[in-house]
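Student: I'd like to learn how to read salt bridges in a model. Can you walk me through it?

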Amino acid sequence: MSDGRWRTAGRALLRVIAVWAVSTLTMLALAGILPDFQLQSDDGDSVTKIAFTAAWGAGAFGLLSALVWPVLVRALLIVPALVLGMLVFFLNGSLLLIALRLIPDGRGAAAPETAVVVAAVMSAVASATSTALAVRDDDAYRRRLSRLADRRRRRSGADGGRSGPPGTVFIQLDGVGHDVLARAAADGLMPTVAAWLAKGGSDGSDGSAGADGNAGAVRNTVPDRTGHRLTPWRTDWSSQTGASQLGILHGSNFDVPAFRWYEKETGTVMVSSRPASALELQRRAVRRTQDPGLLAVDGASRGNLFGGGADQLALVLSMAARFGKGRRSRAGYFAYFSDPANAVRTALSFVAEVGREIWQSTRARLRKDEPRIKRGGLYPFIRAFATVVERDVVVAALIGDMFAGRTAVYADLVAYDEVAHHSGPHSHDAEKVLERLDRSLALIAGVASRTPRRYRVVLLSDHGQSPGETFAGAYGLTLKDLVRAGCGLPVSRRAQRTRSGSEARDAVRIALHRPVAEGEAEHPAKPSDPVVLASGNLGLISFPDIAGRATRQQLDHRHPALLSTLANHPGIGFLLVRDEERGSVLLAAGGAEVPVAELAAQRDGEGPLAVFGPGAAEVVRRTDTFPHVADVMVNSMYDPGTGRVHAFEEQIGSHGGLGGEQSRPFLLWPADLSAPCPEGTELAGAEQVHTVLRRWLRECSEPQVPTPASASSSLTSSSAPPAGPAAARAADDTAAAAPDAALPAAGANPAVEDRAVPGQAP
C-alpha cells in the first residue's frame with residue numbers, strides 16, 4: 001500500500017475513533033440526565049466500568065446503524081414518504097435497544113420512549129461531529145470527487161478533465177414570480193441569486209413593473225459573460241404547474257385548460273397532482289410531439305410532476321402510477337434516508353418546521369392578519385414535507401446527478417409555493433422560505449465547481465402567485481354556491497344569507513317568469529347538477545348531461561339566470577362560453593359581450609380583458625380551441641392597483657388563471673448562453689420555454705442531444721409540435737447512464753457526508 005493510501009486509511013480511522021469517543025461521551029451524559037436510561041447494574045459500578053459500557057453501547061449502535069439501517073429503509077421503500085419520515089425516530093430507537101442488549105452482563109437498559117430520544121440525540125451528535133471533521137479535511141473531499149469522476153470516465157470511456165461539453169442543471173423554484181425573485185435578490189434575502197445577477201447584468205426589467213405585474217417587451221442587452229441574466233416570461237391562461245411543467249418538459253401543454261377539469265366523454269375529473277392524471281397527460285404530450293421529452297438523453301428528473309423522458313427518476317409523480325417505474329421513482333428516498341445521519345437531520349428539521357408553522361399561524365391569528373385562512377389539521381405536516389423532506393431529497397439527488405456527470409437534470413423545489421398559498425406570496429413566512437432556498441442554491445453552485453464535468457445552472461419558475469382574499473372570504477359563498485344559486489338549485493343556509501346568494505335567487509325567480517317559447521318543452525327533464533371545479537382564481541363549470549361543449553343558448557334555456565348572475569358578480573372578471581351564432585364569446589359586467597374572434601382587433605386598453613394586460617387575448621383564444629375546455633370558464637376579478645385576485649379555493653396566494661404576478665414567472669440563465677428571444681419580443685408560453693431550453697442543451701452538449709425541427713423555428717410558432725429524435729439512440733444512451741444511479745446512494749453523497757450542508761438545518 002502506498003504512503004498516500006496509508007495516510008487516507010489513517011485519517012479515516014482517526015475520524016471513526018473521534019466520532020466513537022464523542023458518541024460515548026454523549027451516551028454517558030444522557031445516562032446521567034435521563035432517569036429511564038442506565039449504563040450500570042442495579043448494585044452500581046465503577047466509573048471505569050460505566051465508561052466501558054458506554055463505549056460498547058455507542059460502538060454497537062454505530063455499527064448497527066451502518067449495517068442494518070440501509071436494509072430497513074429498502075424494505076420500507078413502499079411506505080409513503082411522510083410515514084417513512086415519522087418512522088425514522090422509532091427505527092433508530094429500536095436499533096439502540098438492540099445495541100444495549102449486546103452490552104455484556106446486561107448493564108444497559110432504557111425505556112422504549114427514552115430509547116427514541118437517546119438514539120436521535122446520538123445520531124445528531126455523531127453526524128455533527130463527522131461533518132465538522134470532514135469540513136476541515138479538504139483532501140478527503142477532493143478525493144471523493146476524483147473517485148466519482150474516475151468511475152464515470154471508466155464507464156463512458158471519456159478522457160479526464162473538465163474540458164468536455166458542460167452539463168446543464170435546471171432548477172425550478174415553484175411559484176416564485178419574477179418580481180418576487182428580483183425583490184428578494186435586491187433586499188438581500190437571496191444573496192446567491194444577487195451575486196449571479198451582479199456578475200451577469202439584467203434584461204432591462206428591474207422587477208418593478210408596477211403592482212399589476214404586467215411585463216412589457218423584453219429588451220436584451222450585452223451582459224458580462226461570467227454571471228446570469230434575468231427575464232420574465234408569460235404563462236398560458238392556466239398559470240399552474242401542471243400546464244407549465246408539461247409544456248417545459250414535454251414541449252406541449254395542449255388541452256390542459258386548468259389544474260383540474262372535467263372530461264365528459266369519460267366522466268373523469270382530471271387533476272394534475274394525481275399520479276394517474278399526470279401519467280395520462282404525459283402520454284398525451286408525447287403522442288402529440290412524437291418526442292420523449294427534454295431529458296431523453298442522459299437526463300434526470302427530480303421532484304417533478306412529469307418525467308421529461310428521463311431514465312433517472314426520483315419523486316416523479318407521473319411515474320408513481322406505474323408499479324415498476326413508481327418504485328424506481330421513490331428510490332430517491334432510499335438514496336437519502338439510507339444514511340441514518342441524513343434521516344435524523346431531516347427528521348429534526350421536519351419537527352422544527354411543524355413547530356415553526358404552528359407558531360406562525362398562531363401569531364397570524366393573534367395579530368388578526370388579513371387576509372387569513374385556516375392552517376390547522378394536517379397542513380403543518382404537509383408544509384414540513386414540502387419545505388424540508390422534499391427539498392432535502394431532491395437537492396441530494398440533484399447533487400448525486402452532478403457527481404455522476406449527467407447531461408441534463410431538471411429539479412423542482414416546491415417549498416415557496418406551498419407556504420405562499422397559505423401565508424401569502426409577500427409574507428414574512430414566504431420570505432424565510434426564499435432564504436432557505438437560496439442556501440440550497442449556494443450548495444448546488446459550490447458543488448458545480450467541483451464536479452467531474454462543468455455545469456451551467458439555469459434557474460426558472462413555472463408561474464408566480466397573486467395575493468388576495470378568497471372568493472368565499474370576500475363574498476360569503478363559494479363559486480359552487482353561486483353557480484347552484486344561479487341554476488335555482490339548493491345551497492347552504494350560509495350561502496342563502498349572503499347578498500350574492502340572495503341576488504342570484506332573485507334573478508332566477510325573475511327569469512323563470514318568462515313566457516314559454518313556441519315549441520319549447522313546458523316541463524323539461526330535470527338536469528343533472530353542474531360540476532364546478534376551481535384552479536386558483538380560474539373556475540370551470542361543466543354540465544355532464546349536455547353532450548359536447550354546451551352553448552350559451554342551451555344554458556339560457558335551462559338556467560336563464562346563470563350567465564348573467566356570474567357575469568355581473570363583482571368578484572368575477574369575465575366568462576368564456578360558446579355561442580351558437582357568434583362562436584365563443586366573453587361575457588362581463590354591464591352586459592359586455594366580445595366574440596373571441598374579435599379580441600385581436602381590440603386594443604390593450606379596451607374590453608373585459610384590458611386590465612389583464614398584454615397577451616391575455618392570445619391565451620384566451622388558444623384555450624378556447626382545447627377539446628376539454630369547460631362549458632363555462634370563469635376568471636375572477638383582478639385589481640391592477642393592488643395586484644389582488646380572488647381565488648375560488650382556500651388560498652390567499654393563488655395561481656391558475658389571469659391577473660397579476662401569477663402569470664409572470666422568471667427565467668435566470670448563464671450569460672454565455674444565447675438570449676431566450678429576439679430583442680424587442682417577449683417569451684410567451686411554456687412551449688416556447690421548452691424550445692429555448694432545447695436550444696441551450698444543444699449549445700452546451702454533444703450532438704447526441706435531441707434536436708427537434710421546431711427548435712430552429714421562430715418562437716412565435718410555439719404551438720407546432722417538435723419532430724422526435726431517434727428513439728433507439730436515446731434509449732441506448734439512457735441505458736448506458738443507468739449504472740450511475742448508484743453513485744449518489746447511501747453514505748456516498750459527498751455533499752451530505754463530507755461537507756456541512758447550508759440551507760438544510762432546522
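Student: Which residue forms a salt bridge with E353?

Tutor: The general idea: side chains of opposite charge can pair when their charged atoms come close. The term needs a side-chain nitrogen of Lys or Arg within 4 Å of a carboxyl oxygen of Asp or Glu. Here the partner of E353 is R356, with the closest N and O atoms 2.1 Å apart. Before we go on: this is a predicted model, where local features need pLDDT of at least 70, side-chain atom pairs count only at pLDDT 80 or more, and totals for chains, interfaces and linings use all residues. Residues are numbered from 1 along each chain as its sequence is written, and side-chain values use heavy atoms, leaving out hydrogens and water.

Student: Where do E353 and R356 sit in helix α11?

Tutor: Helices are DSSP runs (H or I, at least four residues), numbered from the N terminus. E353 and R356 are three residues apart in helix α11 (residues 340–367), so about one helical turn separates them.

Student: Is E353 buried or exposed?

Tutor: Buried means under 20% relative accessible area, exposed over 50%, and partly exposed in between (1.4 Å probe, protein chains only). E353 is buried at 1%, while R356 is partly exposed at 22%.

Student: What does R363 pair with?

Tutor: R363 meets D429 in a salt bridge (3.5 Å, N to O). That pair links distant parts of the chain: R363 is in helix α11 and D429 in helix α14 (residues 428–448), 66 residues apart. D429 counts as buried, at 6% relative accessibility.

Student: Which residues are joined into one network?

Tutor: Through salt bridges that share partners, E353, R356, E357, R363, R375, R383, D429 and R436 are joined.

Notes: Helices (H or I, at least four residues) and strands (E, at least two) are DSSP runs, numbered from the N terminus.
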